[in-house]
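Please work through the following exercises with the sequence and the model at hand. Each task is followed by a solution in steps.

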Amino acid sequence: MTAQAEAARFGWLRPDVLSIAAGALIAAVAPLDRLDYVARGLTASALADAAPSAQVLLVTASPEALRDGLCERSLPGLLERGRARGALLIPPADAFCGGAAAGAASSAGHAASAAGHAASAASAAGAASAAGPAANASPVVRMPPALLRLSAGEVVGFFPPAAEERAPELGALGVSAAPWVIKKAPQSVPAVSLRDLADGQVPASALEGRVAVVAVGAGGVAPQAVATSALPPAKGVAAVLGGLLDGGRRAAAPAWVPALFVLLAGGLVRLVRRRYGILVATAALFLSVFALAMGQGALAARAEASLIALPSTLFGLAVAFTGVMILRGLVAQRSVDRAAELIQRAALFRMQGVHTLPDEEFWPRVARLAEQAHPADLVLVAELPAGSWHLRFWNDRQGGGESLVAELRRDVRRPPYSSEQGVPAIRLSRRFLAKQDMPAVVVPLIAFGEIEGYVFFCGPVAEQTFSREPERAEHVGRELALLLRRKRLARTAQGGAGEARGGGSPEDDLVEGARVALDDLQLFGSMLRSAPVGLLYADAFGDVRFVAPEFAKWLRARDVTVPAESASAALPPGSLTLGDVLGATSASDAAVSLSSVMASDDGIELSVSAPEPAVLSVRPLRRESDGSSWIAGYVAALIPVQQAAPASANVRPLAVRDAADPLCAFQLGDVVADAVASAARATGRAVRLEPIRGATHALGHRGELGQVLEAFLTDVAGRGLPGHGPVVSVREAAQGVQLSILDVGFGLGLPESALQRVLTAPGAAPAGLEPLGRLILAVEDSHGHAELKTNDGWGITLTVTLLRAHPRAFVPAHEGGKPAAQQNVIAIGRAGPK
C-alpha cells in the first residue's frame, strides 16, 4: 500500500506534464534575448498610432539653407516667437544649427537663446551670457546617436541618457528612458520647411507647445512631401518622440505572464490530446498561438508593461507541445509495443480467439476436433470460401486433403455434397475418396441456413458409427458449423474495421488483444458459474474476485455475506475477503489464517463438516522474476467428501498402501545393512550383521520393508539385555532370499507360543508387539512369508523369506557389435535404460 501511495503522489511526474513545466520555465527565463528584443520592437512598430501628433513638429532644412546659416540665425527666434517647448537637433543638422544656441546653453548652465529675430541675435546672446539664461528660454539640444534604440533598422525607443549626454535638457523636452514606444505613424507627424517658417509662409504659432525636431531634408519639394524628404533617422525620431510624449511608453511584461500562458496552453493541448486525439490537439495549439498574437496586440495597445517575449514564449510552447504530442506518443508507442509482445506471447493460451488463427492452423484444429467427436479412420474438413462453390480440403495428419479426394467437380449443389434434389443433407458416399473401398460420411456444416463448409468422416469405423448413431454426426456438424460461422463473421468484421481505419496498426492489435482477453474473461466467468465444485479466486490483496455458486452457497450457509455477482461472475474489490472465507471454517482455530496460507507453497487443506462434509483447499499463486517470488493471488476449492458406509465396531480397516512405493526388485542386503546401522545408532546397543551371502536380489516394497525393519530392530535391540543383542543375517536359499533375526525372544521377553499369535493376526498384535506385526504385514504385502522357531534354548529366530528377483544381464558392446569384454565374461548387473 505504501508503494501505491508513493506512486499516486508522484503520478503527476509524467513526460507530458514535465514538458509543460519545462516550457513554462523557458518562457519565464526568456533565453532568446535578441529575438525577443526584435519581436518587441516589431510589435511596437506594428501598433503605430495614426492620429496627428500635437507634441512634435518635424522641421527640415535643405543643405543650401544650412550652409547659408539660416538655421543658426532664425531658429532661436522662431522658437521664442512660436513659444515652442524646445528643439531637438538631429545629426548632421546639429553641426549647422547648434553652434551658438546649443553651445551657449551648454556653457551657460543649460540655457537656450531667447533672441526674437536675426538682427538682435548677437546682443541677445551677449545678454544671455552676461546675465544668465532667461527663464522662458526654449532649450536647443543635440540628439546623441547612442540615445537611439534601434530594432530592424528602425527607431523603437530611447536608451537611458548618461550625464554627459545633457540629461536635463532631454528631460525638459520629454525624452526619457523608454525601451519601446508605440510611435506615431510617419505620415501623422506634422512637418514644415525651415525656409517657410523663416519667410513667414508658415506662421511661427505652428511651433506652440511642440518640440521641433530639426533635421536635414531635401530642398525644393512640395509641402506635402516635406516629411518624407527628411533624412533618417529624423523621421523615426520624430515618430517615436511623438508617441512617447502622447503616452506611448512601453516596457517588458513580467516573467510570470508568458509562463502562465504556456501552462494554460500546454494544459489545454494535453487535455484535448487525451480526449480527442492528435489532430484536435494540433488545432488547439494553433488556436493558442493565434490567441497569443491577438492578446499581445490588445495588451500592448493599453498597458505600459505589456510586451511579452514572443519568441521565448513560442519556444516554450513548442517544448510543451513536443512533450505532450511526441514524448507521450513515444511512451504510448512503447506501451503498445510491449502490450503487443505480451499478446503475442499469450497467443498460445487464447481460448476464444478462433478468428485470429491463420487458416493453416485453424482448419487442421477443426479436423482434430471432429476426429475427437466422431470415430473415424480419417477426417477431412472442407472450406467453402464466400461467393464460391469450389471446396478446399484440409487434413491434420497427412498435411492436406486435396490428394485424398477423387471427386473433381466439387460442386456443393451436386452429389455427394447434396442430394439428387440439390438439398444439403448427411449421407454416405463410397466413391468420394481416392481409395474407392473406403466409405465417407458427408456432413454439411449449416449454420442459420447457410453452408459454412463440410466435414467427411471416412472409413469403416465411421460407417458403423453413422449406421448405429446417425444423430451423432448431426450434433457434431451443428457445433462445427457454429464455430466456422463465428470465425467467418469475426474475420469479416475485422476486415471492415481495418478498411475503415486505413490499415492495421499496433494500436489495432492492442485493441484486438484486449477484446480476446475480454472473451477469455467471460469464458472464465462462465466456467466458474458452471463448475460442479466450489471454486474461488482472490487477488494479491486477499480480495475475492471470482466465486462459484457452490462456494457462495457454502459461505451463505456459514453466515458469510456474499454480494451479488456481475455478469462475468466477478466481485468488486473489498466486498469479500479471503480472511472472511477462512474465518468461516473455524473462528477459534488460530492456525486457520491467511498467514498460514502465505507460509506454505503447497497451501493448506481444512476439513469442514457443515452443511456437508468437504475439504477446503487454499493455495497461493506465486510468480517468479529476477530470482524472487511473490504471491500474485490465491485459489480455493471446496471439494465434497463422500461419506463411507459406517463400519461395524468390531471390524478394523486395513491401512492403505502408499502409491509412491511400488513393487520392485532391490538388493535386500543393502536395505538390511542400512536398517542395522540405524538401529545401532538409535539404541547405542550392538546389533550384529553376519556377512551377506549372495546377491540377495528380492522382490517387494523396498520403502515399506526398510522402515518397518528399522523400527523392529530398534525395538528389539532397545529391550534386550546387554551383550544379548539381535544377530541379523541375509542369504540366498532354495526357497528365495532369507532374512534371519536371532535372539528375538531375549529382546521381546516372550516365549514362542506368545509370538505365534502375531503370525496369525499381525494386524491385531498385542501391546508391545506392534513393530513385529507391522514387519510381518510388510513381508506379506511383498508376497513373502515369515516364521518363528525356537533354537533349542538359544532364543527365538524370526525368518523372513522374500521372492528372488532375477536381474537382467547387460553386456556393453562396441560399435561393431562385439562385446566389450572377453567372450567368457558376462557382466551381471541391473539392465540399463533402453
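The exercises below treat a disulfide, a helix, a hairpin and a cavity.

The model is predicted; local features need pLDDT of at least 70, side-chain atom pairs count only at pLDDT 80 or more, and totals for chains, interfaces and linings use all residues. Residues are numbered from 1 along each chain as its sequence is written, and side-chain values use heavy atoms, with hydrogens and water left out.

**Exercise 1.** Determine which cysteines form the disulfide, and give its handedness.

Step 1. A disulfide is taken as a pair of cysteine sulfur atoms within 2.5 Å. The structure holds one, and it joins Cys 71 to Cys 97 with an S to S distance of 1.6 Å.

Step 2. Cys 71 lies in helix H5 (residues 70–81) and Cys 97 in helix H6 (residues 94–97), 26 residues apart, so the pair links distant parts of the chain. Helices are DSSP runs of H or I with at least four residues, strands are runs of E with at least two, and both are numbered from the N terminus.

Step 3. The torsion about the S-S bond is about 125°, and the disulfide is therefore right-handed.

Step 4. Buried means under 20% relative accessible area, exposed over 50%, and partly exposed in between (1.4 Å probe, protein chains only). Cys 71, at 0%, is buried, and Cys 97, at 2%, is buried as well.

**Exercise 2.** Compare the span of helix H13 with its expected span, and list its buried residues.

Step 1. The expected span is 1.5 Å times one less than the number of residues. H13 (residues 278–300) has 23 residues and reaches 33 Å from its first C-alpha to its last, close to the expected 33 Å.

Step 2. The buried residues of H13 are Ala 281, Ala 284, Leu 285, Ser 288, Leu 292, Gln 296 and Ala 300.

Step 3. An α-helix has 3.6 residues a turn, so residues three or four places apart point the same way.

**Exercise 3.** Describe how strands S4 and S5 are joined.

Step 1. Two strands pair if DSSP finds at least two bridges between them. Four bridges join S4 (residues 148–151) to S5 (residues 154–158), and the strands run antiparallel.

Step 2. Arg 149 has Gly 157 in S5 as its bridge partner.

Step 3. The two strands form a hairpin with two residues between them, and Ala 152 in the turn has a positive phi of about 60°.

**Exercise 4.** State which residue classes line the largest cavity.

Step 1. Nonpolar residues are Ala, Val, Leu, Ile, Met, Phe, Trp, Tyr, Cys and Pro; charged ones are Asp, Glu, Lys and Arg; the others, Gly among them, are polar.

Step 2. The lining has eight nonpolar, no polar and no charged residues.
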